Amino acid sequence: VISVMTDVPADPISRVCSVEESSVLGISVHYLSTVFLKEVEEEFGHSDCNYYEVNERMLASKKAKGAEVICPRDGAPGCSYVDAVHALESGNTDAANVMLSWSWQYSVRTVVRALVRWCTMEKRDPKKVFVWQCALCNNQFRVEASKASGEWESFETFKALFEKRMDHTSHVLSLMAPWDQPINITRIWCVFEKYVALDKGHKFDVIMPEEE
């Protein structure tokens with residue numbers, strides 16, 4: 001089991017983790033529902049924006065939280081949102097214990113409310129539930145650079161990384177919204193995630209925001 005040290009006094013910028021730790025680093029539901037949600041609302045004036053919009057302005061831009069932070073995965077400037085939070089704000093990240101299966105088309109409000117509701121229903125402390133969510137945990141600076149250069153990871157490489165993270169958490173939360181026509185099940189990759197989770201015998205929970 002990988003555990004990430006978050007309480008060692010250090011210069012914030014130097015609080016980086018190893019490549020292995022970074023690859024499975026998750027962010028707390030508490031942080032998502034307080035700080036991240038507030039950041040989104042300050043940037044957009046609301047939280048109904050989807051993650052494509054958030055990515056463009058907050059995850060892979062010059063004003064992104066990780067824009068000036070060294071990425072622990074390749075040693076270059078520009079890191080994932082979760083690595084930036086780990087480097088700059090102690091106590092809000094740790095090895096992920098749940099993996100989110102979802103779609104970037106969902107709004108920030110939908111995702112965060114669904115995660116908070118699940119914590120409430122399961123009597124889980126939001127400060128101790130650390131989510132691996134691709135938009136926030138992959139380095140979007142590198143993703144955008146790869147897109148621009150026309151370079152793509154092979155399916156086998158992508159699958160291996162995905163399975164490694166799923167095996168680490170052994171627990172998948174599948175966001176289903178709207179309840180009568182979930183976006184999630186229209187995405188081939190999301191369906192594949194469900195298949196792999198069930199085939200491997202991992203814990204699998206369906207989550208929804210309260211309004212659903």
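Trainee: Which hand does the crossing of α2 and α5 have, left or right?

Mentor: The crossing of α2 and α5 is left-handed. That label means the near helix is turned anticlockwise from the far one by less than a right angle; clockwise would be right-handed. Keep in mind that this is a predicted model: local features need pLDDT of at least 70, side-chain atom pairs count only at pLDDT 80 or more, and totals for chains, interfaces and linings use all residues. Residues are numbered from 1 along each chain as its sequence is written, and side-chain values use heavy atoms, with hydrogens and water left out.

Trainee: Why is α2 called roughly antiparallel to α5?

Mentor: Helix α2 (residues 29-44) and helix α5 (residues 108-121) pack at an angle of about 160°. Their axes are 10 Å apart. Angles over 145 degrees count as roughly antiparallel (under 35 roughly parallel, 65 to 115 roughly perpendicular, the rest oblique). That makes α2 roughly antiparallel to α5.

Trainee: Which residues of α2 and α5 meet?

Mentor: From α2 come Val29, Leu32, Ser33, Phe36, Leu37 and Val40. In α5 they meet Val108, Val112, Leu115, Val116 and Cys119. Contact means heavy atoms within 4.5 Å. Of the residues in this contact of α2 with α5, 10 are nonpolar, 1 is polar and none is charged.

Trainee: What makes helix α4 largely enclosed by the rest of the structure?

Mentor: Count its buried residues. Buried means under 20% relative accessible area (over 50% is exposed, in between is partly exposed; 1.4 Å probe, protein chains only). In α4 (residues 81-88), 7 of the 8 residues are buried, so the helix is largely enclosed. They are Tyr81, Val82, Asp83, Ala84, Val85, His86 and Ala87.

Trainee: What do the buried residues of α4 pack against?

Mentor: Their partners are helices α1 (19-23), α2, α3 (51-59) and α6 (134-137), along with strands β1 (25-28) and β2 (93-95).

Trainee: Is Lys123 buried or exposed?

Mentor: Lys123 has a relative accessible area of 76%, so it is exposed. It sits in the loop between α5 and β4 (130-132). Its phi is positive, about 55°, although Lys123 is not a glycine.

Trainee: Why is Ser170 called partly exposed?

Mentor: Its relative accessible area is 32%, so Ser170 is partly exposed. Ser170 lies in the loop between α8 (155-169) and β5. Here too phi is positive, about 55°, and Ser170 is not a glycine.

Trainee: What is the peptide bond from Ala177 to Pro178, cis or trans?

Mentor: It is cis, with omega near -10°. Pro178 belongs to the loop between β5 (171-175) and α9 (188-199). Most peptide bonds are trans, and most residues other than glycine have a negative phi.

Definitions and conventions: Axes fitted to C-alpha atoms, helices over the stretch in contact; angles between N-to-C directions. Helix = DSSP H or I, 4+ residues; strand = E, 2+ residues; numbered from the N terminus. Nonpolar A, V, L, I, M, F, W, Y, C, P; charged D, E, K, R; others polar.
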